[in-house]
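The sequence and structure are shown below.

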Amino acid sequence: PGGQPGPAEQTHGRARKDSAEAGETKMESAASVSPAELEAGLGKTRQALPLYQHALKLDSQLSDASTTAIDAYSYGLFLRDSGLSPELAYACLLKAQSLLQKSEPTPEFNSIVRARKELEKKLAGRSAKRSAEPEAGFREALALTLP
């Protein structure tokens, strides 16, 4: 209590630190997404946001489209579910879909497409701009800050 990190946060923090020191970018990314999802589930949007963004910035150093797609999908769901920005959530889902587009359809790809289509319906015409400039929207989502 009182701002002290719990055992899970301490474990995740150690895993991120150890991965960074070892130069294990993929492991560091995973060690950022896991606590981001935990914080998001607890409604701690302010704590989750930079963890998701850090993971995606690390992913950009990898040539692993699948990992980046899954992390972009998770971040998109976070942005959608937290109410931060449905438009930027849509951009993240578009990015995730585009990264997996060239491979065989997987359950993950089908989930991404389903989430994108659901959000597209809710956004109606507001998603058209994001469709035209998906990379710009994704970069904007990575730079999102809270007041």
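## Contact of α3 with α8

In this predicted model, Q53, L56 and K57 of α3 meet F138, A141 and L142 of α8, where contact means heavy atoms within 4.5 Å. By class, this contact has 4 nonpolar, 1 polar and 1 charged residues. Ala, Val, Leu, Ile, Met, Phe, Trp, Tyr, Cys and Pro count as nonpolar, Asp, Glu, Lys and Arg as charged, and the others, Gly among them, as polar.

Helix α3 (residues 45-59) and helix α8 (residues 134-142) have axes 9 Å apart and pack at an angle of about 130°. The two are therefore oblique to each other. Angles under 35 degrees count as roughly parallel, over 145 as roughly antiparallel, 65 to 115 as roughly perpendicular and the rest as oblique. Axes are lines fitted to C-alpha atoms, for helices over the stretch in contact, and angles run from 0 to 180 degrees between N-to-C directions.

## Contact of α4 with α6

The axes of α4 (residues 65-82) and α6 (residues 107-123) cross at roughly 30° and come within 11 Å, which makes α4 roughly parallel to α6. A69, I70, Y73, L77 and R80 of α4 make the contact with E108, S111, I112, A115, E118 and L119 of α6. These residues divide into 7 nonpolar, 1 polar and 3 charged.

## Burial of α5

Of the 15 residues of α5, 12 are buried, so this helix is largely enclosed by the rest of the structure; buried means under 20% relative accessible area, exposed over 50%, partly exposed in between (1.4 Å probe, protein chains only). Among the buried residues are E87, Y90, K95 and L100.

## Basis of the values

Residues are numbered from 1 along each chain as its sequence is written. Local features of the predicted model need pLDDT of at least 70, side-chain atom pairs count only at pLDDT 80 or more, and totals for chains, interfaces and linings use all residues, while side-chain values use heavy atoms, with hydrogens and water left out.

Conventions:
Helices (H or I, at least four residues) and strands (E, at least two) are DSSP runs, numbered from the N terminus.
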